[in-house]
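User: I would like to go through a structure with you. Could you show it first?

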Amino acid sequence: MIHATFHHGTNRINSFQITGHADSGEYGQDIVCAAVSVLAISTVNGLQRVASIPVQVDNRDQAGGFLEVTLPPKLEATTELKGQTLLQSFEDGLKDVAENYADFVKFAQIND
């Protein structure tokens with residue numbers, strides 16, 4: 001089971017964490033895992049390369065699947081907008097995957 005948790009502050013997503021594996025199909029055939037992975041990797045790449053945000057990334061695939069991404073607490077307004085746009089799009093996409101594949105993905109939002 002994949003567990004995705006988004007941490008929200010005041011008017012922003014501060015971080016997200018994804019743990020586990022979907023196990024919805026054989027290795028290399030797991031479309032749920034592929035969907036979550038593509039959304040997550042695209043988001044991290046967008047935050048780093050497009051928005052130029054120095055996010056803190058902790059990725060430990062050997063530990064059963066673990067990705068945690070944290071934004072700096074203060075960003076310039078335009079950079080903040082870019083980052084939040086990418087993160088909200090990711091959160092919305094992940095919610096859709098969790099709704100359509102509820103046996104394999106659990107979504108949570110925590111307001112800090």
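User: Which residues lie nearest the centre of the largest pocket?

Analyst: H21, C33, S37, I41 and D61 do, among the 26 residues that line the pocket. A pocket is an open set of points on a 1 Å grid over the protein atoms alone, where a 1.4 Å probe fits, with protein on both sides within 12 Å along at least five of seven lines; lining residues have an atom within 4 Å of a point. Please note that this is a predicted model, in which local features need pLDDT of at least 70 and side-chain atom pairs pLDDT 80 or more, while totals for chains, interfaces and linings use all residues. Residues are numbered from 1 along each chain, and side-chain values use heavy atoms, without hydrogens and water.

User: Which element gives the largest share of that lining?

Analyst: Helix α1 does, with eight residues. Helices here are DSSP runs of H or I with at least four residues, and strands are E runs of at least two.

User: Now helix α2. What do its buried residues pack against?

Analyst: They pack against β1 (2–9), β2 (12–19), α1 (31–50) and β5 (105–111). Buried means under 20% relative accessible area with a 1.4 Å probe, protein chains only; among these residues of α2 are L87 and F90.

User: Which residues does F16 touch?

Analyst: Leaving out residues up to four places away in sequence, F16 touches T5, F6, V44, L67, E68, V69, L87 and F90. Contact means heavy atoms within 4.5 Å.

User: What caps the N-terminal end of α2?

Analyst: E76 does, with a side-chain oxygen 3.1 Å from the backbone nitrogen of T78.

Technical notes:
Buried < 20%, exposed > 50% of the residue type's maximum accessible area, 1.4 Å probe, protein only. Polar contact = N/O pair within 3.5 Å; in protein donor to acceptor, adjacent residues only side chain to side chain.
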